[in-house]
There are 2 protein chains.
Amino acid sequence: MIEDLRKGRFTLPAETGIDNEVKRIIEKWGADAIRNSDGTILSKELMDMAVKVYTTYLTVRNDQQWAYSHRDQLQMQYLMSKHNTAANEVLEIDLLDGYFNRQFEIDKDHDIKRYWEVIDRTSGELLDVNHWEFDCNTQKVVINNAKKWHRYTVSFLAYQVWDTTQMYNHLTNNWTTAPEMPYDAIHEETREHIFSYLDNWLKENPSVDVVRFTTFFYHFTIAYNDKAKEKFVDWFGYSASVSPKAMDEFEKVKGYRLRAEAFVDEGYYNSPFRVPSKEFLDWIDFVQGFVAENAKKCVDLCHSYGKEAMMFLGDNWIGTEPYGDYFGNIGLDSVVGSVGSGATLRLISDIPHVKYTEGRFLPYFFPDTFYEGGNPTKEAVENWVQARRAILRKPVERMGYGGYLSLALKFPEFVEKIEEITNEFREIHYKMEGTKAYTAKFKVAVLNAWGKLRSWQTNMVAHALWYKKIYSYVGVIECLSGMPVDVVFMSFEDIKKKGIPEDIGVIINAGDAGTAWSGDKYWVDDEVTGKLREWVHNGGGFIGIGEPTAYQHQGKYFQLSDILGVDREMGYTLSYTRHDKAQEETHFILQDQKSEIDFGEGMKYVYRVSDSTQILSMDNGDINLAVNEFGKGRAVYISGLPYTPENVRILLRALYWAAAKEEEMFTWYTSNSNTECAAYLQTGNVAIINNSDKVQETEVYRDKNSAVKLSLNPYEIKWICMEL
Amino acid sequence: MIEDLRKGRFTLPAETGIDNEVKRIIEKWGADAIRNSDGTILSKELMDMAVKVYTTYLTVRNDQQWAYSHRDQLQMQYLMSKHNTAANEVLEIDLLDGYFNRQFEIDKDHDIKRYWEVIDRTSGELLDVNHWEFDCNTQKVVINNAKKWHRYTVSFLAYQVWDTTQMYNHLTNNWTTAPEMPYDAIHEETREHIFSYLDNWLKENPSVDVVRFTTFFYHFTIAYNDKAKEKFVDWFGYSASVSPKAMDEFEKVKGYRLRAEAFVDEGYYNSPFRVPSKEFLDWIDFVQGFVAENAKKCVDLCHSYGKEAMMFLGDNWIGTEPYGDYFGNIGLDSVVGSVGSGATLRLISDIPHVKYTEGRFLPYFFPDTFYEGGNPTKEAVENWVQARRAILRKPVERMGYGGYLSLALKFPEFVEKIEEITNEFREIHYKMEGTKAYTAKFKVAVLNAWGKLRSWQTNMVAHALWYKKIYSYVGVIECLSGMPVDVVFMSFEDIKKKGIPEDIGVIINAGDAGTAWSGDKYWVDDEVTGKLREWVHNGGGFIGIGEPTAYQHQGKYFQLSDILGVDREMGYTLSYTRHDKAQEETHFILQDQKSEIDFGEGMKYVYRVSDSTQILSMDNGDINLAVNEFGKGRAVYISGLPYTPENVRILLRALYWAAAKEEEMFTWYTSNSNTECAAYLQTGNVAIINNSDKVQETEVYRDKNSAVKLSLNPYEIKWICMEL
Ligand SMILES: [Mg+2]
Ligand SMILES: [Mg+2]
Ligand SMILES: [Mg+2]
């Protein structure tokens, strides 16, 4: 198929009342689909144009009549009260203290002694149910024999009486419509209603081509505080997927009963930074099974009306788990998600079992960017360029934007730039022809407690928001997202059950001590450390970033300090004299480095533990970059790796060095670290990209002995033919 | 007694061959004592001058003939091999790998299966003695059924065949005399020899007035590495006090047997940063008993010859523990120690049970400072000024310097400056008349796992060396050392056994998580947290610095986050939205602050946990300074507090605020934070000091309503009469 380079692969957000403008932009940007989002009604004329029409479908809150007439079938959430310190033997705990009372209503319909827990957080003990009572009038739990100066919490169930996304829109945009409430498909009656309502809707909306589910049954976790502001947002959170009925079902399926604490988790609510408990993993499995089974019914209904079923990766996406074991069963045609970076692009584009994926690029056409004097073009270009390198590795099939088109139209330069971007996007597909760019002969595994389930989601909070605590780790997957290497995500349990696959050349462990990303207690599991030691000893490569393999135990903090050649000073070894010095000779890993290395937040107090360790970079006495050998294997320690073009190069070189395949790196390699290349061996096309806002000169290597020189304009992509 | 302001309280280091110069300096600096150190022999003329003569006495290595003829009675040390990774079932461990073979000789005289331990550091298990053998020829332990990829260590005893101080001097100054070996007083024969040798020496040295013991029986821990460089130095370390005989004695006295691991401690060798184990505390107690009993015999011998007994606080000081329960029994006349700061000054001057204390000030008259172009005067002034504020609180009775006088004489400006300093020192004593300066009506307790035993030694490595890891905590005691408050050092066990004394107004907990200074597991001891919560709730003040009360448990990292109002982000609560902002209004604590606050290394990721918390200072989203109220009590959190004059003021204000006695602060208070005052109510004299190198104007407050203005030259001390 020869692609039309001026049209296709692009979805436009629709807007009512400006049909002519919409039509003009459809032509200009080459849109072959338009989308009406929440609240937008398309004109019949647009609906009937020769483009596909996507329509957002809100599975669990479309019918608010149902919600209001079935309040006992609303969705719930496990909440934990504040830690309350007992100054007396009688302690009263105000359950909703600190929560937004328009979001939650305490569940009094079920046996609270069965579903609630009062916990002594000083001792960690669960209180006997006879030692506390709930006072319906005050909404307080009263403990009568509290231990003085211990701290207590109550875990309780609450109905969600305001849908989180709608609540967000209300509070952010001052909407005044009635609160919508999400109903829970766990109840057979509601479930059947969801299907019949959808069936009816499909019948009544013949011009819809693609049903864009936003999404299925359970929203990610959001709780607001008593000032109507965000209190807790976990894009990965399962707290809103629970109910007494679901817990009872779980017990039947899994053979054991879950405690409230399995959800509440000391108040951490199973943050993905926690090493997941067996209980939580079982719950995720259970919810996935339920969601997949019933989402499939929705999808089948769409298909029965000749429509496609697309899933939005967000909002009520909980339980769909695109990288989980049940996702394929749903039978979706496509997934669309928001692209904030290369890693989030790959999070979408790597999703298996769908016909195509679509990326919603930034910026949204919202007033926070499109205001007089604003520069949406800059944001669009930066977003595009950061995603582009990932697209060259594994593309989304389609792209689009969201928001109010009328706002974008006020910025003619922006309108021109998007035309360029869409053309560039189509050209990439044209040159790739569905093939894959050259990658290293070894695979890279990112090792943590989550593995495949959290592919391209490691160290992330709330879908790629910037946090000081994480950017030096998120940089690792951001670098990888556009690198010429195949990346797999591996869990400690994978290693225990299946060992390390043959095709893995380098394993990366990146994160803070105690988190699921570093691994916490897995580092005192001798099956994990044993298999890794053996593998590295036999020639494997290991890269540790931040606090890799960290767990204070038996005289070491980094448990694989023998491999890494470094450990971290936690105060116990200050009496050991340090003779650490960075070596003066350059090293393969740093041979493209022109400026000071950016280690992001870095990691203080890392020191050498072996004479064989070579220190490549130090700062104020602390090691930022070191390499070591262990048997036939090699290890690299890096204190932090935020995403920058130069750090992509450091990681690329670290990977090839750790794999002991330095020479092979020069196959389809560019000398200038602001540039990268992607070589499509089957099509003969090679893309060279400039990731910087300056003109760059670079050499493009076919192999170590043959290269051509090129000059690239700021952010340019250049295609050359493989015969150099 | 009216003091002679030109003479006395000063000890000069002697030097042979420049008698006339020595005599001139004795006059100029007002010396009333001279000291001959290791290797210096004083001329008879000097010995007979009307000044006291101190002579260094090396108790356990004076008689090297004894050492060489009683090699089985040399001192020992428990050493741990490196962690060795088993790549095969047979694992050979080279015991002295990484150690200096001229310092240690493996002990083969005792039953190794009784005293050595082979430990699987992966599992933490002790190996059955039948599963390993020692090969005398290779000096290796061979494990025959090692678990592959586990790591193993051997803990073993080694003779110290080179005295650590002498070895240091040899290697540093290229000495070539024969190595001296320390013998162990635990052996009755050696012990009796020590006494008789001393007796004889006392007889043969009639012109010695003061026997300066350097010191008694056991040196602090030092190990050198295989490159003859320092490997491990713990000024507080007891590793060199052990032997099979001592362990057997211990068993008799304490009723249980110690494992090698009690000394080796995973390779941390009971660093003071470790929460001390019961076993280690028992060992310290046991060694103290032994040292005190036998040091007393040495002291009694001195007294029987009409001589004074002075102890050097250093070198072989282990087991003397000036703040321990046995020190008084020794009957010493005095202690002399090195003054590197205000805290080390107080470490000496607060020592009980002696007639007087003496500080050896910096710089040493050594070529590293006294070289052409060097500036020893600057170092002397800075050392003096930093110590002076502590002297005003609790003085050493005497001062002195060490090193080669001839070097100092080459710097006439230095000679003049020392004259000024000695006069200033004598004047302070003259004005104090042995009384104590005004202090706050409440006491301040520094709370950690060591308590009184480590008074003025908290968070210290190797006697006040600078480390990036500690200076932000050592600053706390450095600030306190010269502040108008009475300081006590309190342990968690003190709180458990005795509660919190009535006179304590504020408790300070300062240190990194997991260390003895912060408290580690004591923060999940509900007796500790309960008593503290109750005490603060009833009006106590609590100041936390760095990672106070830190222990990850039941949803909190700072266990007293309810008191502190802040906690630290360890990755588990990133999903909680932060609304933290520093308040705009000023606060009592910051009312003297003129420039940006210096939090030293600070502490990243500290956030507010309570609406009642007031944030006084933030940096990059992290809280550096916050205050909170808890019941009737108050708490202050500070991320780090290196010593600076401005930080002294912040701490002073934090103390008074936490104690809820803000008004009382203005009693003998200076408005300019580069200045401090010490008011001697009984003598009517008030000292005002300028701690800076610039002229300072200040108001001196008698109370909030009466003040006088003063101008002080750089580093000046001014005395005024109490009637303002
Ligand atoms: Mg159509
Ligand atoms: Mg949305
Ligand atoms: Mg000495």
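Contact here means heavy atoms within 4.5 Å. This is a predicted model, in which local features need pLDDT of at least 70 and side-chain atom pairs count only at pLDDT 80 or more, while totals for chains, interfaces and linings use all residues. Residues are numbered from 1 along each chain as its sequence is written, chains are lettered from A in the order in which they are written, and side-chain values use heavy atoms, with hydrogens and water left out.

Select chains A and B. On chain A, 66 residues are in contact with 65 residues of chain B. The area buried between the chains is about 5900 Å², with 50% given by carbon and sulfur atoms; buried area is the accessible area (1.4 Å probe) that two parts lose on being put together, summed over both.

Now pick Asp611(A) and Lys227(B). Their side chains meet in a salt bridge (3.3 Å, N to O). Between the two chains the count is eight salt bridges, each a side-chain nitrogen of Lys or Arg within 4 Å of a carboxyl oxygen of Asp or Glu.

Finally, turn to the symmetry. A rotation of 180° with 0.0 Å of shift along its axis superposes chain A on chain B (RMSD 0.1 Å), by least squares on the C-alpha atoms of residues with pLDDT of at least 70 in both. The two copies are thus related as by a two-fold rotation axis. Select Lys604(A): in chain A, its C-alpha is the nearest to the axis, 5.7 Å from it.
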